[in-house]
Amino acid sequence: MMYLFLKEVPVPDAPYQLLFIMITASGSGWVTLYAGDKGQMLVLEQNEFPTIEEAIGRGDEIREKLQKNGWERCRATH
């Protein structure tokens, strides 16, 4: 799953948050949160979870926090 969060109209230098929830073949999962601004990107959080449910749960927590802080989810990314 991938979620893109924006605070303003998408332009090349606009700030964004990009949340990836990746499931592995072994049934574990990775959650990675990127932040980008002015053409630069960095990893804010990257964690591996032993189960899919834990990875999705952490992804949901991050998604909810971003939305509470004014980030709007771009619907075209999932």
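Which element of the protein has the lowest mean pLDDT, and which the highest? In this predicted model, the lowest mean value, 81, belongs to strand β1 (residues 2–6), and the highest, 93, to helix α1 (residues 52–68). Over the whole protein the average pLDDT is 85, and 87% of the residues reach a score of at least 70. Where pLDDT is low, the predicted coordinates should not be read in detail.

The secondary structure consists of five strands and one helix. Their order along the sequence is β-β-β-β-α-β. Among contacts with a sequence separation of 6 or more, 38% are between residues 24 or more positions apart.

The protein has 78 residues, 35% of which count as buried. Its accessible surface amounts to about 5000 Å², and carbon and sulfur atoms contribute 55% of that area.

The largest nonpolar core comprises 11 residues: Tyr3, Phe5, Leu19, Ile21, Val31, Leu33, Phe49, Ala55, Ile62, Leu66 and Trp71. At least two residues of this core come from each of β1, β2 (16–23), β3 (29–37) and α1. The largest contribution, three residues, is made by α1.

Ala55, one of the core residues, was examined for its contacts beyond the neighbours within four places in sequence. Its partners are Ile21, Gly29, Trp30, Val31 and Phe49. Of these, Ile21, Val31 and Phe49 are also listed in the largest nonpolar core.

Technical notes: Residues numbered from 1 in each chain as written. Predicted model: local features only at pLDDT ≥ 70, side-chain atom pairs only at ≥ 80, totals over all residues. Heavy atoms only, no water. pLDDT = per-residue confidence, 0-100. Helix = DSSP H or I, 4+ residues; strand = E, 2+ residues; numbered from the N terminus. Buried < 20%, exposed > 50% of the residue type's maximum accessible area, 1.4 Å probe, protein only. Contact = heavy atoms within 4.5 Å. Areas by Shrake-Rupley, 256 points an atom, 1.4 Å probe, with all protein chains shown as cover. Core = buried A, V, L, I, M, F, W, Y, C linked by side-chain atoms within 4.5 Å.
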